[in-house]
Amino acid sequence: MKDERYYQRLYKKAKGIIGDKTPLKKDCGRICSNACCKGDENTGMLLFPHEKTSLDVKESGNVRLAVCDGRCERSDRPLSCMIFPFFPYLTEKGRIKVIPDIRGYEVCPLVRQCNAVKLDRAFLRRVKEVGRLLSEDEQCRAFLYETSREIDSFLNILG
Ligand code: SF4
Ligand code: SF4
(Lines give C-alpha, C1' and ligand atoms only; values in the text may rest on other atoms or scores of the structure.)
(Ligands and ions follow the chains in the order given, each with its own letter.)
Protein backbone atom coordinates (compact mmCIF):
# COMPACT_ATOMS: atom_id res chain seq x y z
CA MET A 1 0.00 0.00 0.00
CA LYS A 2 1.47 3.33 -1.09
CA ASP A 3 1.17 6.05 1.51
CA GLU A 4 1.63 9.81 1.47
CA ARG A 5 5.32 9.44 2.21
CA TYR A 6 5.74 7.35 -0.93
CA TYR A 7 4.33 10.19 -3.03
CA GLN A 8 6.35 12.89 -1.32
CA ARG A 9 9.51 10.85 -1.97
CA LEU A 10 8.40 10.35 -5.58
CA TYR A 11 7.94 14.09 -6.15
CA LYS A 12 11.20 14.88 -4.40
CA LYS A 13 12.89 12.53 -6.84
CA ALA A 14 11.01 14.04 -9.80
CA LYS A 15 11.94 17.57 -8.76
CA GLY A 16 15.52 16.46 -8.27
CA ILE A 17 15.57 15.19 -11.85
CA ILE A 18 14.51 18.60 -13.16
CA GLY A 19 16.94 20.25 -10.77
CA ASP A 20 17.92 23.72 -11.89
CA LYS A 21 17.07 23.08 -15.55
CA THR A 22 14.61 25.41 -17.21
CA PRO A 23 13.17 25.50 -20.75
CA LEU A 24 15.89 27.85 -22.01
CA LYS A 25 19.52 28.10 -21.02
CA LYS A 26 18.77 31.68 -20.02
CA ASP A 27 15.94 32.96 -17.82
CA CYS A 28 12.83 32.81 -20.02
CA GLY A 29 11.03 35.07 -17.55
CA ARG A 30 12.95 37.98 -19.05
CA ILE A 31 11.15 37.68 -22.36
CA CYS A 32 7.67 37.79 -20.88
CA SER A 33 8.10 39.48 -17.48
CA ASN A 34 7.37 36.13 -15.80
CA ALA A 35 3.92 35.88 -17.36
CA CYS A 36 3.25 32.45 -15.85
CA CYS A 37 3.86 33.74 -12.33
CA LYS A 38 1.24 36.47 -12.28
CA GLY A 39 -0.90 34.44 -9.96
CA ASP A 40 -4.29 35.39 -8.64
CA GLU A 41 -7.11 33.54 -6.94
CA ASN A 42 -8.71 32.63 -10.28
CA THR A 43 -5.76 30.66 -11.59
CA GLY A 44 -3.55 27.96 -10.23
CA MET A 45 -1.07 25.25 -11.03
CA LEU A 46 -2.29 21.70 -11.27
CA LEU A 47 -1.02 19.47 -8.49
CA PHE A 48 -0.10 15.86 -9.22
CA PRO A 49 -1.81 13.09 -7.22
CA HIS A 50 -1.04 13.47 -3.50
CA GLU A 51 1.44 16.27 -4.23
CA LYS A 52 1.81 18.51 -1.19
CA THR A 53 2.38 22.24 -1.27
CA SER A 54 2.70 25.06 1.21
CA LEU A 55 0.60 27.24 -1.13
CA ASP A 56 -3.18 27.54 -0.84
CA VAL A 57 -5.03 24.74 -2.61
CA LYS A 58 -8.27 25.08 -4.53
CA GLU A 59 -10.14 21.81 -5.07
CA SER A 60 -12.81 20.96 -7.57
CA GLY A 61 -13.66 17.27 -7.88
CA ASN A 62 -10.41 15.43 -8.47
CA VAL A 63 -8.65 18.57 -9.58
CA ARG A 64 -6.37 20.33 -7.10
CA LEU A 65 -4.78 23.64 -7.96
CA ALA A 66 -2.01 25.38 -6.05
CA VAL A 67 -2.89 29.05 -5.90
CA CYS A 68 -0.16 31.63 -5.53
CA ASP A 69 0.02 35.40 -5.56
CA GLY A 70 2.96 35.36 -7.94
CA ARG A 71 5.50 34.57 -5.27
CA CYS A 72 6.74 31.30 -3.84
CA GLU A 73 9.74 29.61 -2.38
CA ARG A 74 11.42 28.53 -5.59
CA SER A 75 12.65 25.29 -4.05
CA ASP A 76 9.10 24.47 -2.95
CA ARG A 77 7.20 25.27 -6.14
CA PRO A 78 4.84 22.65 -7.54
CA LEU A 79 6.15 20.16 -10.07
CA SER A 80 3.81 21.69 -12.68
CA CYS A 81 5.68 24.98 -12.30
CA MET A 82 9.02 23.25 -12.76
CA ILE A 83 8.05 21.60 -16.03
CA PHE A 84 5.91 24.45 -17.43
CA PRO A 85 5.26 25.05 -20.29
CA PHE A 86 5.95 21.42 -21.24
CA PHE A 87 4.19 18.23 -20.28
CA PRO A 88 5.18 14.55 -20.27
CA TYR A 89 2.37 13.57 -22.57
CA LEU A 90 1.25 9.93 -22.41
CA THR A 91 0.16 8.67 -25.81
CA GLU A 92 -2.79 6.32 -26.26
CA LYS A 93 -0.18 3.61 -26.87
CA GLY A 94 1.52 4.30 -23.56
CA ARG A 95 4.61 6.22 -24.67
CA ILE A 96 5.86 9.37 -22.99
CA LYS A 97 6.51 12.33 -25.31
CA VAL A 98 7.44 15.80 -24.14
CA ILE A 99 5.24 18.40 -25.80
CA PRO A 100 4.54 22.11 -25.29
CA ASP A 101 1.48 22.30 -23.09
CA ILE A 102 -1.10 23.91 -25.31
CA ARG A 103 -3.09 24.95 -22.24
CA GLY A 104 -0.38 27.56 -21.72
CA TYR A 105 -0.76 29.01 -25.23
CA GLU A 106 -2.25 32.32 -24.12
CA VAL A 107 0.25 32.84 -21.34
CA CYS A 108 3.55 31.56 -22.60
CA PRO A 109 5.52 32.76 -25.63
CA LEU A 110 7.51 29.50 -25.61
CA VAL A 111 4.33 27.56 -26.39
CA ARG A 112 3.42 29.95 -29.18
CA GLN A 113 6.92 29.94 -30.68
CA CYS A 114 8.31 26.57 -29.63
CA ASN A 115 9.63 25.86 -33.12
CA ALA A 116 11.41 29.19 -33.33
CA VAL A 117 13.27 29.23 -30.02
CA LYS A 118 16.29 27.21 -28.98
CA LEU A 119 15.04 25.11 -26.12
CA ASP A 120 17.41 23.46 -23.66
CA ARG A 121 17.36 19.83 -24.74
CA ALA A 122 18.65 18.73 -21.35
CA PHE A 123 15.52 20.19 -19.78
CA LEU A 124 13.28 18.36 -22.25
CA ARG A 125 15.10 15.07 -21.58
CA ARG A 126 14.58 15.56 -17.88
CA VAL A 127 10.87 16.24 -18.29
CA LYS A 128 10.68 12.97 -20.21
CA GLU A 129 12.56 11.17 -17.45
CA VAL A 130 10.09 12.57 -14.93
CA GLY A 131 7.23 11.35 -17.10
CA ARG A 132 8.70 7.86 -17.22
CA LEU A 133 9.26 7.85 -13.47
CA LEU A 134 5.72 8.99 -12.68
CA SER A 135 4.17 6.60 -15.19
CA GLU A 136 5.47 3.71 -13.10
CA ASP A 137 2.91 4.64 -10.44
CA GLU A 138 -0.68 3.73 -11.22
CA GLN A 139 -2.27 6.94 -9.94
CA CYS A 140 0.30 9.18 -11.57
CA ARG A 141 -0.01 7.25 -14.81
CA ALA A 142 -3.77 7.76 -14.75
CA PHE A 143 -3.19 11.46 -14.11
CA LEU A 144 -0.75 11.70 -17.02
CA TYR A 145 -3.20 9.87 -19.23
CA GLU A 146 -6.19 12.04 -18.30
CA THR A 147 -4.21 15.26 -18.59
CA SER A 148 -2.87 14.15 -21.98
CA ARG A 149 -6.41 13.54 -23.20
CA GLU A 150 -7.35 17.02 -21.95
CA ILE A 151 -4.43 18.41 -23.96
CA ASP A 152 -5.74 16.43 -26.96
CA SER A 153 -9.10 18.12 -26.62
CA PHE A 154 -7.44 21.57 -26.62
CA LEU A 155 -5.43 20.57 -29.70
CA ASN A 156 -8.62 19.39 -31.41
CA ILE A 157 -10.31 22.72 -30.71
CA LEU A 158 -7.38 24.60 -32.22
CA GLY A 159 -7.40 22.22 -35.18
S1 SF4 B 1 5.39 32.28 -19.41
FE2 SF4 B 1 6.74 30.85 -20.51
S3 SF4 B 1 8.46 32.15 -21.19
FE4 SF4 B 1 7.40 33.26 -19.59
S5 SF4 B 1 8.47 32.71 -17.66
FE6 SF4 B 1 6.73 31.30 -17.90
S7 SF4 B 1 7.63 29.51 -18.93
FE8 SF4 B 1 9.06 31.21 -19.24
S1 SF4 C 1 3.95 28.81 -7.46
FE2 SF4 C 1 5.79 30.02 -7.87
S3 SF4 C 1 6.60 29.23 -9.80
FE4 SF4 C 1 4.47 28.52 -9.62
S5 SF4 C 1 3.21 30.06 -10.69
FE6 SF4 C 1 3.29 30.67 -8.53
S7 SF4 C 1 5.05 32.07 -8.37
FE8 SF4 C 1 5.25 30.95 -10.31
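Ligand 2 is surrounded in the model by Cys 36, Cys 37, Gly 39, Met 45, Leu 55, Cys 68, Gly 70, Arg 71, Cys 72, Arg 77 and Cys 81, where a residue is near a molecule or strand if its C-beta atom, placed from the backbone, lies within 6 Å of it. By class, this shell around ligand 2 consists of seven nonpolar, two polar and two charged residues; here Ala, Val, Leu, Ile, Met, Phe, Trp, Tyr, Cys and Pro count as nonpolar, Asp, Glu, Lys and Arg as charged, and the others, Gly among them, as polar. The model is a predicted one, in which local features need pLDDT of at least 70 and side-chain atom pairs count only at pLDDT 80 or more, while totals for chains, interfaces and linings use all residues. Residues are numbered from 1 along each chain as its sequence is written, and chains are lettered from A and ligands numbered from 1 in the order in which they are written.

Around ligand 1 there are 14 residues, of which Cys 28, Gly 29, Cys 32, Cys 36 and Cys 108 come nearest. Helix H2 (29-32) and helix H4 (109-112) are the elements that give two or more residues to this shell, and H2 gives the most, with three residues. The shell around ligand 1 holds twelve nonpolar and two polar residues but no charged residues.

The secondary structure of the chain comprises six helices and five strands, which follow one another from the N terminus in the order α-α-β-β-β-α-β-β-α-α-α; helices (H or I, at least four residues) and strands (E, at least two) are DSSP runs, numbered from the N terminus. With 159 residues, the chain has a radius of gyration of 15 Å, which agrees with the value near 15 Å for a compact globule of that length, the radius being taken over C-alpha atoms and the globule rule being 2.2 Å times the number of residues to the power 0.38. The C-alpha trace spans about 45 × 35 × 30 Å along its principal axes. Buried residues account for 26% of the 159 residues, a residue being buried if 20 or more other C-beta atoms lie within 10 Å of its own, exposed if 12 or fewer, and partly exposed in between, with C-beta atoms placed from the backbone. Of the contacts between residues at least 6 apart in sequence, 64% join residues at least 24 apart, with contact defined as C-beta atoms, placed from the backbone, within 7 Å.

Strand E3 (residues 63-67) is joined to E1 by two bridges in an antiparallel arrangement, in which Leu 46 stands opposite Leu 65 in E3; strands pair if DSSP finds at least two bridges between them. E2 and E3 also pair in the antiparallel sense, over five bridges, and Glu 59 stands opposite Arg 64 in E3. The hairpin of E2 and E3 has two residues between the strands, and Gly 61 there takes a positive phi near 60°.

Most residues other than glycine have a negative phi, and most peptide bonds are trans. Asn 34, in the loop between H2 and strand E1 (45-46), has a positive phi near 55° and is exposed, with 12 other C-beta atoms within 10 Å. His 50, in the loop between E1 and strand E2 (56-60), likewise has a positive phi, of about 65°, and counts as partly exposed, with 19 C-beta neighbours inside 10 Å. The peptide bond from Phe 84 to Pro 85 is cis, with omega near 5°, and Pro 85 lies in the loop between helix H3 (79-83) and strand E4 (86-90).

Notes:
Contact = placed C-beta atoms within 7 Å.
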